[in-house]
Amino acid sequence: MTSTTVRAVRYDIERQAEGGLPLAGARLVLDPAGAIYWAAERLVIVADLHLEKGSALAARGALLPPYDSRATLAVLAQIVDRWRPRAVVSLGDSFHDRRGAERLGSEERGALARLLRGREMIWVAGNHDPDPMPGLGGSHVNELTIGPISLRHEPRAGDSEGEIAGHLHPVARLLVRGQSLRRRCFATDGTRLVMPALGAYAGGLNVRDPAIEGLFAGAFAAHLAGGARIYRFAHDACLPDH
Amino acid sequence: MDFDRADEIALLPDPFAGWFASRGWAPRAHQLDLIAKARLGRSTLLIAPTGAGKTLAGFLPSLIELAARAQRRSNSPRPPGLHTLYISPLKALAVDVARNLERPAAEMGLPIRIETRTGDTPASRRQRQRRDPPDILLTTPEQIALLIASGDAAHLFGDLKRIVLDELHALAGSKRGDLLALGLARLRRLAPGVQTVGLSATVADPQTLRRWLVPQRRAEGAGAQEMGAREMGDLVIAEAGAAPELSMLESVAHVPWAGHTARHSLKEIYALIVANTTTLVFVNTRMQAELLFQELWRINDANLPIALHHGSLDVSQRRRVEAAMGEGKLKAVVCTSSLDLGIDWGAVDLVVNVGAPKGSSRLMQRIGRANHRLDEPSRAVLVPANRFEVLECRAALEAVRAGAQDGAVERRGALDVLAQHVLGMACAEPFAVDELYAEVTSAEPYAGLARADFDDVVDFVATGGYALRAYERFARIRPRKDGRWRVANPGVAQQYRLNVGTIVESSMLKVRLTSAKSRFGGRVLGEVEEYFVEMLSPGDTFVFAGEVLQYLAIVEDEVRVARTSATDPKVPSYAGGKFPLSTFLASGVRALLADPARWSSLPAQVHEWLDLQKLRSRLPGRDDLLIETFPRGGRHYLVAYPFEGRLAHQTLGMLLTRRLDRLRLNPLGFMANDYALAIYGVSDLSLAIAQGRLDLDALFDADMLGDDLEEWLDESALMKRTFRQCAVIAGLIERRFPGKEKNARQVTMSTDLVYDVLRRHEPGHVLLRAARADAATGLLDIRRLSDMLVRISGRIDHIALPRVSPLAVPVMLEIGRERVAGDASEALLAEAEEELIREATRDVDDGSCRAL
């Protein structure tokens, strides 16, 4: 990141931190890199890292650049460095498949250990990685409740007050001055929240898709991540895909 | 060569001489020349104008040999294999030529089997063609790639004697040409004695095409200059036809300052259509074609049959137009470069070229589409759409009259195409690296290929070519014990076959006509780029396929539209067919501007415009770069006149605004057209120059092509698009990447993510090198920009003006403005957010601003 970007990130975060985003009584800061910082608990939350997706696709013949895990971990390291949290929660699909952790290279393994040194790591089970992964450290849980907030991989159908989930990889599409922009985003109506995917090779699902729209009873907002700050748009200001 | 009657008889055996005589024809000199060259075993390039019997000339040697072979055939136990391979850039042309070839063969009673093979050929016939090949096979470059990648290639091509390459000038110099050149190299190995014939329109540099026809000796790292002594095929130039009759339409109406519609000349264009039997009206973009077609029908009181033809229309509709044209049923066709090449229509007696021709070679090609009788002149009228185009048309007229062609751009074979070919060769049979390198460098575009680049490509094909050797166990090709590389499994070969070709369409959606009431549709009108549809909201109207349509919805991969009577449709700004001004014509325009003595040939309005420019400012010198600075409407402008084409100007605009930004001169954005570039901002640039805070020589220093360019390029959307194309061609990404069939739960992953990861972690990767090379010659025109910066170094002619100059008006009127932003999309998002906030809070009294 250039120094201007760093300044802009600080500014945005300070602006947010004054109040934070309210969710079921908790106050959360949205990090433009695609994470949540819950100051009261000193907790960083990330979702859908999809580590080793590159090597998983390579096994099927698409020899994509094998640098996705280190790219994802570099972003995570930045986030952790920014907040210096007590604990990090990864909301499932941390690895792209069950054997993903075995394929993680030694350099990436080292990077992960470094960024977790002195903090607690909680791996929440996802559909890609339902079981504990050996040799990674931290604890493995199916879901987690802290105060008013429930943390799980897949959002529950129906009302789910205080839920923070991943799984759906929300992205928002906007038409600005004749240009179509597509960005990863947080989707929330103030009672529940779906996090953007953090993985370098993780794709996206439009927030106007029924799978996401259906989670919210009425209006919700997309908070676009990536780059220097968070941009808020009402869900109906975002365009559906075809 | 001169032939007397005796030579002619010697060259033309029976039944050929008799056939010519029976039709009352005499064989043309170049046709006999080609027969003589064939006897000598020489590969030859034939340059001939349209209507010169070029195709027959290419096939006569084959027909003569095949007639002789048929006589011997009774004695031979084994049926002889494929004798002649004909390769055309157009499927339709291959089919048409086959038909034209059948006739003389039948009339002479030659027992020759002539067949075509295209994407449309049924699988059963394709299989049969491999088992039992015809004497002559007519096909396309993609089919060649498929055929040589199969295990029976050696059997199929072992007896090949001749290859005919039609419209070679249209293939050479493109990625499709690269693929074909590599295919030729393989064909020469399979059939070592094979002779090639290239058929081409007039080109500025026949040498390159002649080198295509024979194997090259490796010249690693050598530039074009050092390769002067390379092997070349022979050259035959046909006698030129009558000189074309060319004129520029001098419209009585006001000539617009900017724009490309030529609406002011509409009535005059219609009058030309009325006065001629059949007119081809060429325009430069599909959008112009749609608009002009609409306008013509609006005034078509006589209900003349006027049709539309461009690359986005449905194939069946295009074929219908072509067929109606062939039958002489049409009075005019409004078309784009989709008809630059193709089937001959004798009946066309006038070509109208609307808008600037952009290059003299393209113009000559288009003019040649009128009148295929050699002895009569082709007739063409140029219709400039704005004042600069008047200058450009004038320069083009002079160039065509002098027979001057645009210079060829030196180009190296693309590495992504090479990657595709290498995989194909492994599919055919295991290869040895040294042998394949020798074979590849015998192809003209790859003669200068460095061994290191070749090795990188092989490495890429095998395991992705990453410095982090993570994928050895997933390799697509592997060395055997004897060192030859083979495909790792049959699935790889299957994947290769689905991926062959170099044409990567941007994502296209079908346009289906339906009524506003029923959801289910009628016929498909054609295809539009996905990104165009992204700009539409339901209810919006646009022009397509000659109709005003209303956008209803997207259903799967189809755009559902209904007819509407709306009179003010949105303009479809879909891409395609925007050619930049050629370097050659640009220097013609500069020379014309710099020489007021020649202005008398220009229309009075244009003449006056230039006089006014001389009075108010200065004229751009022949070799200088004129720069004007002036204030207007609270902003300050810098206008430069490089005449290097829109693409190079856009790149220049990006780089200059970055520099001005660093100098804290607050640029806000820029506009570019083919002739000029205008940068606008809030700082007084005239003052900054006067005070020495802005040094124009330093601003335009060629070192901007270093770090500034790299930095900007890496982030640019153009680069991402280019990378995607290279990744598809090279086989990193399948054409139908997962995500094509979208359903609710499926998430889509874009190539942009791959690009971002790769450039951060391995910026020197072979695919990024391929993408950068494309960007340099293609969409960014960096080479041209670099030549210009060198040319104008120390020759900047600056003038500070109190107000906008006459010459600056056209570029100031350009619609496509580019904004300045470190990261454009960030700025756009912020802007959109603010706009929505303003909108949402407009009626709130206390002015507090609570977003959403």
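I began with helix H7 (residues 141-148) of chain B and found it mostly covered, with seven of its eight residues buried. I note that a residue counts as buried if 20 or more other C-beta atoms lie within 10 Å of its own, as exposed if 12 or fewer do, and as partly exposed in between, the C-beta atoms being placed from the backbone. Helices (H or I, at least four residues) and strands (E, at least two) are DSSP runs, numbered from the N terminus.

I recorded the source. This is a predicted model, in which local features need pLDDT of at least 70 and side-chain atom pairs count only at pLDDT 80 or more, while totals for chains, interfaces and linings use all residues. Residues are numbered from 1 along each chain as its sequence is written, and chains are lettered from A and ligands numbered from 1 in the order in which they are written.

**Entry 1**

I listed the buried residues of H7(B): Pro141(B), Gln143(B), Ile144(B), Ala145(B), Leu146(B), Leu147(B) and Ile148(B).

I then examined how H7(B) meets helix H10 (residues 175-190) of chain B: their axes come within 9 Å and cross at roughly 40°. Axes are lines fitted to C-alpha atoms, for helices over the stretch in contact, and angles run from 0 to 180 degrees between N-to-C directions. H7(B) is therefore oblique to H10(B); angles under 35 degrees count as roughly parallel, over 145 as roughly antiparallel, 65 to 115 as roughly perpendicular and the rest as oblique.

Which residues make the contact of H7(B) with H10(B)? From H7(B) I noted Pro141(B), Ile144(B), Ala145(B) and Ile148(B), and from H10(B) Arg176(B), Leu179(B), Leu180(B), Gly183(B), Arg186(B) and Leu187(B). Two residues are in contact if their C-beta atoms, placed from the backbone, lie within 7 Å.

**Entry 2: chain B as a whole**

I counted 33 helices and 26 strands in chain B. Buried residues make up 45% of its 852 residues. Of the contacts in chain B with a separation of 6 or more, 74% join residues 24 or more positions apart.

**Entry 3: the sheet of chain A**

In chain A I followed an open sheet of seven strands in the order E1-E2-E3-E4-E5-E6-E7, with mixed pairing. Its edge strands are E1 (21-23) and E7 (139-141) of chain A, each pairing on one side only. Two strands pair if DSSP finds at least two bridges between them.

Strand E4 (residues 43-46) and strand E5 (residues 87-90) of chain A pair in the parallel sense over four bridges, and Leu43(A) stands opposite Ala87(A) in E5(A). Helix H3 (residues 68-83) of chain A packs on the sheet, touching strands E2 (26-31), E3 (35-38), E4 and E5 of chain A, and its direction makes about 160° with that of E4(A).

E5(A) also pairs with strand E6 (residues 120-124) of chain A in the parallel sense over four bridges; here Val89(A) has Ile122(A) as its bridge partner. E6(A) and E7(A) pair in the parallel sense over three bridges, and Ile122(A) stands opposite Ser139(A) in E7(A).

**Entry 4: Pro80(B)**

I located Pro80(B) in the loop between helix H4 (54-73) and strand E2 (84-87) of chain B. Is Pro80(B) buried, exposed or partly exposed? Pro80(B) is partly exposed, because 15 other C-beta atoms lie within 10 Å. Leaving aside neighbours within four places in sequence, Pro80(B) is in contact with Arg69(B) and Asp159(B). From Pro80(B) to Ile299(B) I noted 219 residues in sequence and 60 Å in space, C-alpha to C-alpha.
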